[in-house]
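User: Hi! Could you walk me through this structure?

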Amino acid sequence: MPHSTLSDSKLNPELPTYTLAIAIEFLGTHYHGWQRQREVLGVQEALEKAISKVANEPIEVIAAGRTDASVHASNMIAHFVTHAYRPTHNWLRGVNSLLPDDISLRWIQPMPSDFHARFGAIARRYRYITLNQIQRPAILNHQVTHIHEPLDLAAMQQAAADIVGTHDFSSYRAAACQSNQPVRNVSHAKLFQHGQFIVFDIQADGFLHHMVRNLMGTLYAIGRHDLQPDDFLKILSKKNRTIAPPTASGDGLYFINAYYPEAYQQLLPNAPLTPIWLNLPD
């Protein structure tokens with residue numbers, strides 16, 4: 001069954017409609033997260049303004065996830081519904097010409113009318129990028145989290161392995177999290193070194209508010225030997241956010257993909273998932 005949206009309610013039922021999936025790349029540094037808000041600018045608002053101009057009608061964009069302030073995306077999947085027909089290249093060129101420099105459409109793809117980027121997603125994937133070196137970055141400022149002291153990668157990897165599985169992540173959710181339940185299934189949580197970078201790659205059926213950043217805060221504490229690797233599971237079992245280490249910065253976090261049932265997934269273009277400058281395999 002199709003999911004209703006604000007856009008659906010404004011559409012004329014007598015006219016044909018088109019459901020279009022898009023992939024968005026953005027730097028979140030100057031935005032207050034993905035979601036449209038009244039008093040501050042979110043990525044969703046900037047994107048909707050540009051698409052609405054090309055469509056010549058109001059457009060609502062529904063994304064697979066909702067990123068926090070300063071968090072980035074290299075492949076955020078979203079969709080919108082419109083009466084406007086445009087060739088794919090016209091959509092891309094037109095919308096990108098109207099977007100600010102730190103937001104870009106990577107691709108656009110016509111989809112079946114019941115495709116829904118948020119409710120149809122069966123998994124979401126993030127990467128958290130740490131630059132672990134003495135000197136602070138300039139070019140990558142706000143695009144990575146800089147940790148100047150050495151980190152014990154092996155200890156962090158030991159703890160990351162315990163993240164995989166179905167758990168109650170109450171100890172790693174923000175106090176303001178609005179999710180009805182804290183249980184999530186994490187299908188992989190890989191932590192590895194790539195030159196001076198430490199990459200935390202995590203995929204789950206869904207994420208709680210600040211979940212990845214809170215997990216990363218605990219991994220940092222383990223890497224500094226403030227905690228031991230088995231402390232991760234001890235904190236998890238307490239189901240109490242106040243006993244976990246502080247939330248890591250949003251600077252290093254990237255939403256890199258969402259996944260869908262095969263009937264939809266095979267229609268979506270394949271694109272490199274990483275922050276492009278990192279040059280990692282998918």
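User: Great. What kind of model is this?

Analyst: This is a predicted model, so please read every value below as computed from it.

User: Which domains does the chain have?

Analyst: The domain assignment gives domain 1, residues 18-120, and domain 2, residues 123-255. Their centres, taken over C-alpha atoms, are separated by 27 Å.

User: And how many residues does each domain bring to the contact?

Analyst: Domain 1 contributes 16 residues, and domain 2 contributes 11 residues.

User: How much area do domain 1 and domain 2 bury between them?

Analyst: About 1,100 Å², with 52% of it on carbon and sulfur atoms.

User: Which residues in domain 1 lose the most area to domain 2?

Analyst: Those are Asp-68, Val-71 and His-72; together they make up 42% of what the domain 1 side buries.

User: How many salt bridges cross the interface of domain 1 and domain 2?

Analyst: One salt bridge is found across it. Asp-68 pairs with Arg-213 in a salt bridge, and their closest N and O atoms are 3.5 Å apart.

User: Are Asp-68 and Arg-213 buried or exposed?

Analyst: Asp-68 is buried, because its relative accessible area is 16% and the cut-off for buried is under 20%. Arg-213 also counts as buried, at 13% relative accessibility.

User: Switching topic: how many salt bridges does the structure hold?

Analyst: It holds 10 salt bridges. In another of them, the side chains of Glu-25 and Arg-106 meet at 3.9 Å, N to O. This pair links distant parts of the chain, with Glu-25 in strand β1 (residues 18-26) and Arg-106 in strand β4 (residues 103-111), 81 residues apart.

User: How accessible is Glu-25, and what about Arg-106?

Analyst: Glu-25 is partly exposed, with a relative accessible area of 33%. Arg-106 is partly exposed too, at 23%.

User: What does Glu-149 form with Arg-224?

Analyst: A salt bridge, in which the closest N and O atoms are 2.5 Å apart. Glu-149 sits in the loop between β6 (145-147) and α4 (153-161), while Arg-224 sits in the loop between α5 and α6 (231-238), and the two are 75 residues apart. Glu-149 has a relative accessible area of 23%, which makes it partly exposed; Arg-224 is partly exposed at 31%.

User: Which residues are linked in a network of salt bridges?

Analyst: Arg-36, Glu-48 and Glu-60 are linked that way.

User: Last topic: where does Ala-271 lie?

Analyst: Ala-271 lies in the segment after α7 (262-265). Ala-271 is buried, with a relative accessible area of 15%.

User: What is Ala-271 in contact with, leaving aside its neighbours in sequence?

Analyst: Beyond the neighbours within four places in sequence, Ala-271 is in contact with Asn-75, Arg-106, Trp-107 and Asp-282. Arg-106 is also the residue that forms the salt bridge with Glu-25.

User: And how far apart are Ala-271 and Phe-200?

Analyst: They are 71 residues apart in sequence and 20 Å apart in space, C-alpha to C-alpha.

User: Thanks, that helps!

Methods:
Residues numbered from 1 in each chain as written. Predicted model: local features only at pLDDT ≥ 70, side-chain atom pairs only at ≥ 80, totals over all residues. Heavy atoms only, no water. Domains from an automatic or database assignment. Contact = heavy atoms within 4.5 Å. Buried area = accessible area lost by both parts, 1.4 Å probe. Salt bridge = Lys/Arg side-chain N within 4 Å of Asp/Glu carboxyl O. Helix = DSSP H or I, 4+ residues; strand = E, 2+ residues; numbered from the N terminus. Buried < 20%, exposed > 50% of the residue type's maximum accessible area, 1.4 Å probe, protein only.
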